[in-house]
Amino acid sequence: MTDPYDELTVIKAKVDHRGWENIKLQQSYKGLLVEGSQLILSIDDQRQVRMVNSRHYIGGIDLDTKPAISSGIATSMVRAHIAVQKEGPNGPTTTKVVYPYAGNILLAWKVQLFAHEPVGDFIYYIDAQTGAIINHYNNMPFALNQIVYDAASGTTFPPIASQIAINNTPAQGTGYGAADDIEKAIYDNTTATYNFWAAAPYFRDSFDDQGTIIKSIAHWDNNSNNASWITGSATGHGYAKYGDGSGLNGPTGNSLDVVAHEFTHGVTGSESGLIYQGASGALNESISDIFGVMAGQRNDTDWLVAEDYVVPADLNVALRSMSNPTAFNQPDHMDDYATPDGGGSVYDQSCYNATNYDNDCVHINSGIPNKAAYLMAAGGSHHGVVVDPLDGAIAASRVMMGRIFHLANTTYLTNSSDFFAARIATEDAVKSLFPGDMDKLITVMYAWLAVGVSVPVSASESAYASSWVPGYNHRYRESLPQNIPFGADSLAMLSLLGCASYRLIRRPRANTPPAKSTKA
Ligand SMILES: [Zn+2]
């Protein structure tokens, strides 16, 4: 780089969780922007440069910046190429840029043209010396691209073009076409799910956050009671497929929380990639239930999964309940963690009897993290542990719980994370989202403790703790913090919990009558 002051312009600067300042810079050449050439400079809190991401910086540019063709000619070429019928009100914009493309450094006119017919926000790069079209694309942020297929009770996968029932993509426009009611319901529920994830606080563009087309298959198989998500590594897309149900159960795609549940499998697939077996599989299921319930909630006390799918809906029956998993044959504590051994508990037996042992009980053991998530949002007393909700207002509390699980899913979980790893991940998430808020951290910790997901302690920690707390359970770090006495021992306990900065615990719990407030 010959002259950083000349060549680089600051676009924005962001301070991250470590206190490092990350400065994004744009390269330019003789006053022209070099397309796609940004750098990031990371400076730590001691003002030391720690990292430079200059992968896209282009050195040694030597280019004549005087164009042979005018911007007006470039614009007419673009109009002709699009065959535009109706343009947007503000007309096209043209910018002279340096455009690195396919190994060449070219002087180009960047033309941006917004059009109603055909629909698009068209970006063109025209070679400013030769007039050739170097590259072009449609930058239109289509809010929602989805296709619903009609499997006609078959199991053809992937579906073929002649099975398309509804096509809402840039190529095809919008509308139901000749779809039937079940296909329309899937379409509408998919739209609602997309909008749930696209809005605050998640701001996600489709399941993979890349705006990928959502493909749904209606009438899957013959009266199947199942809905599922297929991660389409072979096809480059995710697919949801929905059976029409049988007997007491209606079409699975009629239930918004079922559709949102399946879609969330796509979110998890593109984020943590939790392996769909055993504990990681149950966690994967739980994350789908969490966001399925929130996307499809009737109100802030709705914790039922698929209540619209099981008919008649007004009997308030469902497939699962996050607030009361045991009511639907799921455990709500690690003591009852199911293994498909054919004997033992009712939970063990039910996954033993399921197809493929339910991948080692993924739809059974999901009750445990489901209950933990419920307790974070709604609070409550469970197995002797009193959990305060994240927030006093249930609506806000639900959203906070969602943000915690989503950050864990996108950032802290790995594909083989188990429940304990989920506990650590959600603790990391709450620390990151609400720095210094020990009340919220303790809520998350206690919620996991209440379902028996506890932190094993080292022998020395255990000996130390038992020396001052009678009845301390040596196996688990938090077997007791419910009734921590105020005073020095509380501080010691809290430092074991990683909460050294929290002065004294002052938690108005039902089973802990505090003498007076000691919160500083
Ligand atoms: Zn599922």
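**Exercise 1. Determine which helices the buried residues of H9 pack against, and which residues of H9 are buried.**

Solution. The buried residues of H9 pack against helix H4 (256-270), H5, H8, H10 and H11. Helices (H or I, at least four residues) and strands (E, at least two) are DSSP runs, numbered from the N terminus. This is a predicted model, in which local features need pLDDT of at least 70, side-chain atom pairs count only at pLDDT 80 or more, and totals for chains, interfaces and linings use all residues. Residues are numbered from 1 along each chain as its sequence is written.

Next, list the buried positions. A residue is buried if 20 or more other C-beta atoms, placed from the backbone, lie within 10 Å of its own, exposed if 12 or fewer, and partly exposed in between. In H9 the buried residues are Ser397, Arg398, Met400, Met401, Gly402, Ile404, Phe405, His406, Ala408 and Asn409.

Last, check the length. H9 has 19 residues and reaches 25 Å from its first C-alpha to its last, close to the 27 Å expected at 1.5 Å a residue. The expected span is 1.5 Å times one less than the number of residues.

**Exercise 2. Describe H10 and how it packs with H11.**

Solution. H10 covers residues 419-433, and its 15 residues reach 20 Å from first C-alpha to last, close to the expected 21 Å. Phe419, Ala421, Ala422, Arg423, Ala425, Thr426, Ala429 and Val430 of H10 are buried. Their cover includes helix H5 (278-295), helix H8 (367-378), helix H9 (394-412) and helix H11 (438-450).

Now take the pair. Two packed helices are described by the angle between their axes and the distance between the axes. For H10 and H11 the angle is about 165° and the axes are 9 Å apart. Axes are lines fitted to C-alpha atoms, for helices over the stretch in contact, and angles run from 0 to 180 degrees between N-to-C directions. H10 is therefore roughly antiparallel to H11, a term for angles over 145 degrees.

Then name the contact residues. Arg423, Thr426, Glu427, Val430 and Lys431 of H10 meet Lys440, Leu441, Val444, Met445 and Trp448 of H11. Two residues are in contact if their C-beta atoms, placed from the backbone, lie within 7 Å.

**Exercise 3. Find the backbone features at alanine 102, proline 201 and phenylalanine 203.**

Solution. Alanine 102 has a positive phi of about 50° although it is not a glycine. Alanine 102 sits in the loop between strand E6 (93-101) and strand E7 (104-117), and is exposed, with 7 other C-beta atoms within 10 Å.

Proline 201 is in the loop between helix H3 (181-198) and strand E12 (214-218). The peptide bond joining alanine 200 and proline 201 is cis, with omega about 0°.

Phenylalanine 203 also lies in the loop between H3 and E12. Phi of phenylalanine 203 is positive, near 50°. With 9 C-beta neighbours inside 10 Å, phenylalanine 203 counts as exposed.

How values were computed:
Angles under 35 degrees count as roughly parallel, over 145 as roughly antiparallel, 65 to 115 as roughly perpendicular and the rest as oblique.
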